[in-house]
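My notes follow in the order I looked things up.

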Amino acid sequence: MTAQTLAEMDAATLPQFPMRRRCPFSPPPEYDAFRAEQPVAPVRLWNGQKVWLVSRYDDVRQVLAEKRVSNNSTHPNYPITYEARGTVKGMLASDGEPPYFLHYDGDKHFEHRRMVARDFAIRPIKDMEPLVQAHIDELIDSMLDSPEKPVDLVRAFALPLPTRIISGMLGVPYEDMKRLQEATDNSSSFNQDPEEARAAVIELGQLIDDLVTAKEKSPGQDIISRLVVEQVRPGHLTRSQLLRMIRMLLIAGHETTANMISLITLYLLENDDLRARLTEDPSQMTQAVEEMLRYFTIAHLATCRVAIEDFEVAGTTIKAGDGIIALISSADRDGAHFSAPDEVNIDRPGRDHLAFGYGVHQCLGQPLARLELRLAVSTLLRRVPTLRLAASRDSLQFKDYFNGLQSLPVTW
Ligand code: HEM
């Protein structure tokens, strides 16, 4: 507990954030100490910005459900967790608006989310099961036919699957998909060169602009066409807001799911008992995916906020204007909420993990992510039963902003 306000603290005396993972499957060990001793802790970011870290499960939920916080990333105190991220957010903010509706608040957020919510609801996503399965089988066929081994599972399977699905929903023509995959392939990373990030933003922006121009001329049966006809033409959405909305759906819809596919696969390649159990009884895959979502909580820095009024969390006053990072990956390893939180236990009851966030900004794409993960991993186990790692564990490169793998060499 601390009586000093964030503004009064000397940034130089505060711990540097983000902290380093020691085990690629687990959050930095410092989080255990934060939860135990300093559940609302001041830290310093790369640019000297001071922000609060909130680390316990109940407190993270409190912050994410708070009316007195904003998700507006153009606020000067909104936590920017690495330099290139600041570059991208700055470039995409337009007409005084934050880049994506994810960063809108209140009614405006609700209105914009509602424009696409029905496409990502449980029922229409369930109807997509045969289509998702067909893409999975096609990708596995090509992988099995590959003249060369080992194969990088990230490039051959984990990334193309969600890219194809979200592209299909948005109406990206097949011939543009490769271009899209390349443009979105610059994985977000703490060390990303801001100039490279800038170039990638421009490249993807051009692609999206071209797509929207084509849909404006001749609308089809896809989400972009519908948004053009129902929202842009009557003036509910500006063209610039549409471009940014598409960018968010494209980005949010592929890297996260791809990272989860490769992390779950690696985990199963290293844990024979669980792999055998899931191969024998694929109906348990639903609960296994849920437990893996909790265990990895890959979007661990996605939930940043800024206070718009004073409020208290675990006895600490957060003042209006303070930046906050609600640490969902720490919350999902909180032993006060989950028993033996560092173990994978697919029989764990409930699915109250925070991997998809909590509150009004909770992930819009979760039914789609769940469907893709369940089908992708169970089909991989069934169709490639001899799948194994084709590199030493030490040589694997993990990602940092979204937890994931750069590549996963496999053979069979
Ligand atoms: C395993 C995969 C995924 C994970 C772990 C994940 C995680 C998250 C998290 C933690 C948030 C909350 C951010 C916040 O509160 O500030 C979020 C929001 C969001 N996600 Fe996902 N996501 C995944 C897949 C997807 C997919 C497939 C889509 C589809 C397009 C998607 C679209 C979105 C959107 C649009 C939001 C913003 C919602 C809003 O502000 O109302 N996500 N996601």
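Entry 1: I began with Cys363, which I found in the loop between helix 16 (328–331) and helix 17 (366–383). For naming, I took helices (H or I, at least four residues) and strands (E, at least two) as DSSP runs, numbered from the N terminus. This is a predicted model, where local features need pLDDT of at least 70, side-chain atom pairs count only at pLDDT 80 or more, and totals for chains, interfaces and linings use all residues. Residues are numbered from 1 along each chain as its sequence is written, and side-chain values use heavy atoms, with hydrogens and water left out.

Which protein atom is the donor to the iron atom of the ligand? I found a single one from the protein, SG of Cys363, 2.3 Å away. Donors here are N, O and S atoms within 2.8 Å of the metal (3.2 Å for Na, K and Ca); water is not among the atoms, so sites may look incomplete.

Entry 2: Next I traced an open sheet with the order 1-2-8-5-3 and mixed pairing. Its edge strands are strand 1 (40–44) and strand 3 (69–70), each pairing on one side only. I counted two strands as paired if DSSP finds at least two bridges between them.

Strand 1 and strand 2 run antiparallel, joined by 5 bridges, and I noted Ala41 with Leu53 as its bridge partner in strand 2. The two strands form a hairpin with 5 residues between them, and Gly48 in the turn has a positive phi of about 85°. Strand 2 also pairs with strand 8, this time in the parallel sense over 4 bridges; there Val51 stands opposite Gly323.

How many residues of strand 2 are buried? I noted 4 of the 5, so strand 2 is largely enclosed by the rest of the structure. Buried means under 20% relative accessible area (exposed is over 50%, partly exposed in between; 1.4 Å probe, protein chains only).

Entry 3: Strand 4 pairs with strand 12 (residues 409–411) over 2 bridges, and Asp152 has Pro409 as its bridge partner.
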